[in-house]
Amino acid sequence: MLKNFELSCPIENNNDLITLSHGSGGSQMHDLLSKTIYPFIKNKNSEQSNDAAVVEINNSKLAFTTDSFVISPLFFSGGDIGSLSVYGTVNDLAMVGATPLFLSLALIIEEGFSKEQLFKIMESIKQASKIANVEVITGDTKVVNKGKGDNLYINTSGIGIVNLDYKIHPKNISKDDVIILSGDIGRHAISILAKREGLDFEIDLESDLQPLTKYVQSLINANIKIKCLRDITRGGLAAALNEIALTAIAEIEIDESNILVNNTVFNLCEILGLDIFHLACEGRFLAVVPADYAEESLDILNKVGCEAQVIGNIKSLGISNSVVLKTKIGTRRIIDMPTGELLPRIC
Amino acid sequence: MKYITEYRNKDLLEIYSQKIKKISRANYTIMEVCGGQTHSIVKFGLDHLLPKNIELIHGPGCPVCVTPINKIDRAIEISLLPNVILCTFGDMIRVPGSNLSLQQAKAKGANIKIVYSPLDAVNIAKLNPNSEVVFFGVGFETTAPINALAIEQAKNFKLNNFSMLASHVLVPPAIKAILNSKQNRTQGFLAAGHVCTIMGIESEYNIISEQYKVPIIVTGFEPLDIIQGIYFCVRQLESKEYKVENQYSRAVKASGNIQAKNLISKIFKVVDQNWRGIGEIPNSGLAIKKEYQMFNADYKFEHKIIDNADKQNLVCISGDIMQGIKKPFQCENFGTKCNPLNPIGAPMVSSEGACSAYYRYRKSDVC
């Protein structure tokens with residue numbers, strides 16, 4: 001720590017409290033995980049640096065993951081907390097190449113929450129499970145005092161099976177591998193933000209929320225050698241790329257011209273001063289594949305409904321980790337891991 | 001988006017880049033006043049489109065960065081009082097005070113709401129008659145009119161539970177302070193287009209330009225605005241002309257926005273103002289007038305904290321950075337001891353701060 005300095009802009013000396021930034025998927029969350037969470041749960045299967053853990057039991061490879069959903073508002077254009085809690089966990093399983101099989105469902109309900117809304121959310125969970133081809137087979141329900149929860153929190157855990165003779169992991173990537181992005185970015189974040197208190201934007205935009213299993217499986221079925229997968233959630237494209245770069249110690253370069261952004265998303269970002277690369281998605285993913293497989297991968301993904309593009313490649317391995325953007329005007333800049341919550345600016 | 005994509009046109013940028021290269025012979029140092037412009041320059045790498053003899057330095061136009069530390073402490077102090085809802089723009093939430101930031105006060109239990117307009121805070125006061133709603137009114141001439149309107153609305157609605165902790169700063173006195181400094185190396189200014197949209201360009205800027213023999217280009221925020229603003233500036237410097245030119249004519253009228261100006265002078269009076277990291281600049285701030293004192297949070301809530309302002313700064317060089325004397329990479333703590341997770345100074349966390357721009361988009365001189 002700093003000593004013997006007299007500061008008019010002092011370093012924070014009370015950083016022992018958790019703030020919202022610690023849960024935003026950016027660098028503070030990574031810091032919290034590596035320093036405060038991981039040290040206590042270290043074992044041979046933890047810290048796999050993937051969206052789900054894969055364990056081998058009796059020659060079967062099982063994928064296991066969990067996710068909690070605290071979204072506000074509960075209902076948004078294109079989904080609700082129910083469908084999100086199914087697809088969120090299903091997608092984490094899909095990102096290790098697993099076929100999702102079973103989910104658990106834990107509800108934490110605030111006293112006074114409307115039964116009608118709960119009914120709607122349960123209906124949505126039913127539909128989403130059907131679409132994603134998973135079964136909810138166990139669960140738990142708790143009710144907390146009024147004011148001790150924000151209407152409803154959901155936790156789901158998921159188990160899937162992996163039928164691959166290799167591991168999908170950032171450590172597998174090689175120099176010159178290409179990075180494919182499955183569609184446009186930011187729809188989920190903007191559709192939520194537009195519904196938030198204080199912002200009354202009437203926009204015609206749906207969240208990108210959807211299960212990703214069929215896209216990944218179509219690549220696997222075509223024997224595409226997938227090196228690494230990452231779904232784009234909190235922290236947006238910036239966090240997903242930086243996580244890959246960090247785990248693989250890779251220098252990544254991406255081209256802004258190849259990243260699709262819906263007009264409404266672009267406009268809202270300009271108005272509110274938000275960084276498009278930091279916006280969460282819930283139905284988009286990155287796939288790193290060898291350059292030879294790029295074209296075939298795009299064909300396969302686009303046939304099953306993606307708007308996939310090659311957005312960049314791996315420039316180097318083992319030297320340092322960075323994500324560099326080639327801008328539309330031909331200049332270059334860093335894309336950093338987001339820090340803190342998404343905050344609109346003053347002017 | 002109209003008025004955005006046209007101003008990010010690669011071919012036009014290239015044309016202006018070439019024009020600048022063609023006409024510039026000597027070395028020039030140009031300051032963009034506004035932090036929004038700084039972010040555009042670093043984010044789009046606009047300085048890389050310029051010849052080596054033109055250096056861009058970054059000005060003090062980041063309202064969050066120059067808000068005095070004692071005002072932040074005061075906001076935190078008020079936010080921790082019982083029954084208070086403190087409303088603020090998102091930018092302020094991570095700025096370090098003496099001990100805490102507003103974000104940390106929130107984690108300690110303060111009721112802090114991020115709003116998008118001070119009028120939202122007035123509305124919150126209307127909806128919560130049993131709470132004291134305080135808006136942290138920070139900003140340049142751009143935010144002053146809407147903050148004034150919030151106070152006027154609160155008065156019209158007869159709200160006795162709304163008040164504002166105001167910390168407003170003005171651009172022209174800051175430009176003068178930079179020019180008066182012995183360390184000044186600015187030869188031309190890109191003035192903040194949106195500030196001039198409100199205040200106009202008729203009086204103060206003309207006087208400064210004439211008196212100090214310095215080109216002032218009223219400039220917008222998109223890449224093409226900035227490159228064109230630089231071109232206008234270099235053109236004047238080469239021909240030894242010194243005047244105010246309006247690059248941002250699609251938004252700025254010479255007389256400004258008269259209604260907005262009237263509203264500012266109705267609610268606020270010009271006062272001497274302390275700028276964080278820089279010091280006091282005469283007549284560079286706006287304070288709530290006495291007749292609106294009931295809406296002045298500083299007056300309404302008892303003072304308990306010690307004034308922390310004006311401590312000599314040994315580690316954070318934000319004052320030098322905001323006066324164009326140094327650049328973020330020249331700070332030994334940049335990216336190491338000072339980073340967005342542990343900011344030593346406000347420019348590292350403000351979305352308009354120069355250090356934040358360099359950290360986010362550049363990290364080193366590589367790109």
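Author: Let's begin with contact: two residues are in contact if their C-beta atoms, placed from the backbone, lie within 7 Å. Axes are lines fitted to C-alpha atoms, for helices over the stretch in contact, and angles between N-to-C directions run from 0 to 180 degrees. Helices (H or I, at least four residues) and strands (E, at least two) are DSSP runs, numbered from the N terminus. In chain B, helix α6 (residues 118–127) lies across β3 (84–88), β4, β5 and β6, at about 175° to β5(B). Helix α7 (residues 144–156) of chain B lies across β5, β6, β10 and β11 (279–288), at about 160° to β6(B).

Reader: What kind of model is this, and how are its parts numbered?

Author: This is a predicted model: local features need pLDDT of at least 70, side-chain atom pairs count only at pLDDT 80 or more, and totals for chains, interfaces and linings use all residues. Residues are numbered from 1 along each chain as its sequence is written, while chains are lettered from A and ligands numbered from 1 in the order in which they are written.

Reader: In what order do the strands of the open sheet in chain B come?

Author: Two strands pair if DSSP finds at least two bridges between them. Here the order is β4-β3-β5-β6-β11-β10 (chain B), 6 strands with mixed pairing. The edge strands, each pairing on one side only, are β4 (111–114) and β10 (268–275) of chain B. Neighbouring strands of this sheet are turned by 25° against each other on average, direction ignored. Inside the sheet, β5 (residues 132–139) and β6 (residues 162–169) of chain B are parallel, with 7 bridges; Val134(B) has Ser163(B) as its bridge partner in β6(B).

Reader: Which residues are on the covered face of strand β10 in chain A?

Author: In a regular strand the side chains alternate between the two faces of the sheet. For β10 (residues 250–255) of chain A, the covered face holds Ala250(A), Ile252(A) and Ile254(A), and the uncovered one Glu251(A), Glu253(A) and Asp255(A). This strand runs antiparallel to β12 (residues 309–317) of chain A, with 5 bridges, and parallel to β13 (residues 322–326) of chain A, also with 5 bridges. Ile252(A) has Ile314(A) as its partner in β12(A), and Asp255(A) has Lys326(A) in β13(A).

Reader: How many helices and strands does chain B have, and how compact is the chain?

Author: The radius of gyration is taken over C-alpha atoms, and the globule rule is 2.2 Å times the number of residues to the power 0.38. Chain B has 15 helices and 11 strands. Its radius of gyration is 21 Å, close to the 21 Å that the rule gives for 367 residues, so chain B is as compact as a globular protein of that length. The C-alpha atoms of chain B fill a box of roughly 65 × 45 × 40 Å along the principal axes.

Reader: And domains: how far apart are the centres of the two in chain A?

Author: Domain bounds come from an automatic or database domain assignment. For chain A, that assignment gives domain 1 (52–162) and domain 2 (170–334). Their C-alpha centres lie 24 Å apart, and the contact takes 19 residues from domain 1 of chain A and 20 residues from domain 2 of chain A. On the domain 1 side, the elements giving two or more residues are α2 (81–94), β5 (98–110) and α3 (115–132) of chain A. The largest share, 7 residues, comes from α2(A).

Notes. Buried ≥ 20, exposed ≤ 12 C-beta atoms within 10 Å, placed from the backbone.
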